[in-house]
Amino acid sequence: MKLKRSVKVDGVELTLPTEKNEPLKNLLDASFLLYGPKKIGKTTLLSQFEDPFFIFFEPGGRFISTFNRSPKTWPQFKGYLDLLEKEDKFRTVILDTVDQCYNMCYRWVCDEMGIEHPQDQKWGSAWKRIEDEFASAIMRIVAMDRGKIFTSHSEEKDVENEDGQEVRRIIPTMPKQAARVLEALVDIWACYKYKGKERVLYVEGNENISAGHRLKNNFVGVQRISMGSSDEEAYRNLKKAFHSTRNSGGSDGPKLKLKK
């Protein structure tokens, strides 16, 4: 079908599509948040991804050999984003942790506005500027044509369920404003935790675990993934689970834990 009309905007000719797009098929096409307790192995797992570059906001990666930088200021962080947008060497960008990235943004905005706390500014304008500044940086990462992963720690909080009952729920430790930005942008929200002595990764949550994804063609039939006994095995199992599709029957072997 040939389109008869187009419009030129900013020197670019725009048209409407004539065919549906092809769904993304690779793990690195997705953006996701990985959160879990300290020392469970988030950073070492992510070091298994293809050509990773870490932006460290915490000192947890000092004993792992990686390509990395640790920005000391918010402008420095945005400077590294400038470089990444011009360089295609790294296939995966990992922001570790989003908690401290947000805190750096928060402090920078307050300093720029000459205030101690966002409440010192009327009408919530400081809070709005913090969220806009943080969201703008995160959106730049999400827009990159490479894997993008954000990490956070986990905590347990008492929350009210749909029936009005109080339940204990595992959630990321990131500030609420950061969570609101990430929830809207990432494709996968994964919780890394212990189940007994076994490390497991939840890609679909329940009343007690915050997790989920928006992928209709991947992780089919998979709620949690065994992470095995090594970081290499954990990465293999994650990729295997990602490629669990309707065509594969929703399961790719004993390492995948299916929904009940």
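What follows is a chat about the strands, helices and cysteines of a predicted model.

Visitor: What kind of model is this, and how are residues numbered?
Guide: The model is predicted: local features need pLDDT of at least 70, side-chain atom pairs count only at pLDDT 80 or more, and totals for chains, interfaces and linings use all residues. Residues are numbered from 1 along each chain as its sequence is written, and side-chain values use heavy atoms, with hydrogens and water left out.

Visitor: Start with S6. Is it buried or exposed?
Guide: Five of the five residues of strand S6 (residues 92-96) are buried, so S6 is largely enclosed by the rest of the structure. Buried means under 20% relative accessible area, exposed is over 50%, and partly exposed lies in between, with a 1.4 Å probe and protein chains only. Strands are DSSP runs of E with at least two residues, helices are runs of H or I with at least four, and both are numbered from the N terminus.

Visitor: Which way do the residues of S6 point?
Guide: Thr92, Ile94 and Asp96 point one way, while Val93 and Leu95 point the other way. In a regular strand the side chains alternate between the two faces of the sheet.

Visitor: Which strands pair with S6?
Guide: Strand S4 (residues 52-56) pairs with S6 in the parallel sense over five bridges, and S6 also pairs in the parallel sense with strand S7 (residues 147-160), over four bridges. Two strands pair if DSSP finds at least two bridges between them. Ile55 has Leu95 in S6 as its bridge partner, and Ile94 stands opposite Ile149 in S7.

Visitor: What else does S7 join?
Guide: Strand S3 (residues 31-36) runs parallel to S7, joined by six bridges. Phe32 has Ile149 in S7 as its bridge partner. Strand S8 (residues 166-172) runs antiparallel to S7, with seven bridges between them. The bridge partner of Val159 in S8 is Val167.

Visitor: How many residues sit between the strands in the hairpin of S7 and S8?
Guide: Five residues lie between the strands of that hairpin, where Gly164 takes a positive phi near 80 degrees.

Visitor: And S12, is it buried or exposed?
Guide: Strand S12 (residues 222-226) has five of its five residues buried, so S12 is largely enclosed by the rest of the structure. Strand S10 (residues 198-202) pairs with S12 in the antiparallel sense over three bridges. Val200 stands opposite Ser226 in S12.

Visitor: On to helices. At what angle do H2 and H4 cross?
Guide: The axes of helix H2 (residues 74-86) and helix H4 (residues 125-142) cross at roughly 25 degrees and come within 10 Å. Axes are lines fitted to C-alpha atoms, for helices over the stretch in contact, and angles run from 0 to 180 degrees between N-to-C directions. H2 and H4 are therefore roughly parallel to each other. Angles under 35 degrees count as roughly parallel, over 145 as roughly antiparallel, 65 to 115 as roughly perpendicular, and the rest as oblique.

Visitor: Which residues of H2 and H4 meet?
Guide: Trp74, Phe77, Lys78, Leu81, Asp82 and Glu85 in H2 meet Glu133, Phe134, Ala137, Arg140 and Ile141 in H4. Contact means heavy atoms within 4.5 Å.

Visitor: How does H4 pack with H5?
Guide: H4 and helix H5 (residues 176-185) pack at an angle of about 35 degrees, and their axes are 10 Å apart. The contact includes Trp127 and Ile130 of H4, and Gln177 and Ala178 of H5.

Visitor: What about H2 and H3?
Guide: The axes of H2 and helix H3 (residues 98-113) come within 9 Å and cross at roughly 125 degrees. That makes H2 oblique to H3. Trp74, Pro75 and Phe77 of H2 make the contact with Cys101, Met104, Cys105 and Trp108 of H3.

Visitor: Those cysteines: how many disulfides does the structure hold?
Guide: The structure holds zero disulfides. Cys105 is in no disulfide, and the nearest cysteine sulfur, that of Cys101, is 7.1 Å away. A disulfide is a pair of cysteine sulfur atoms within 2.5 Å.

Visitor: Is Cys105 buried or exposed?
Guide: Cys105 counts as buried, at 0% relative accessibility. Cys191 is buried too, with a relative accessible area of 0%.

Visitor: Last one: where is Lys128?
Guide: Lys128 is found in helix H4 and is partly exposed, with a relative accessible area of 49%. Lys128 and Glu50 are 78 residues apart in sequence and 36 Å apart in space, C-alpha to C-alpha.
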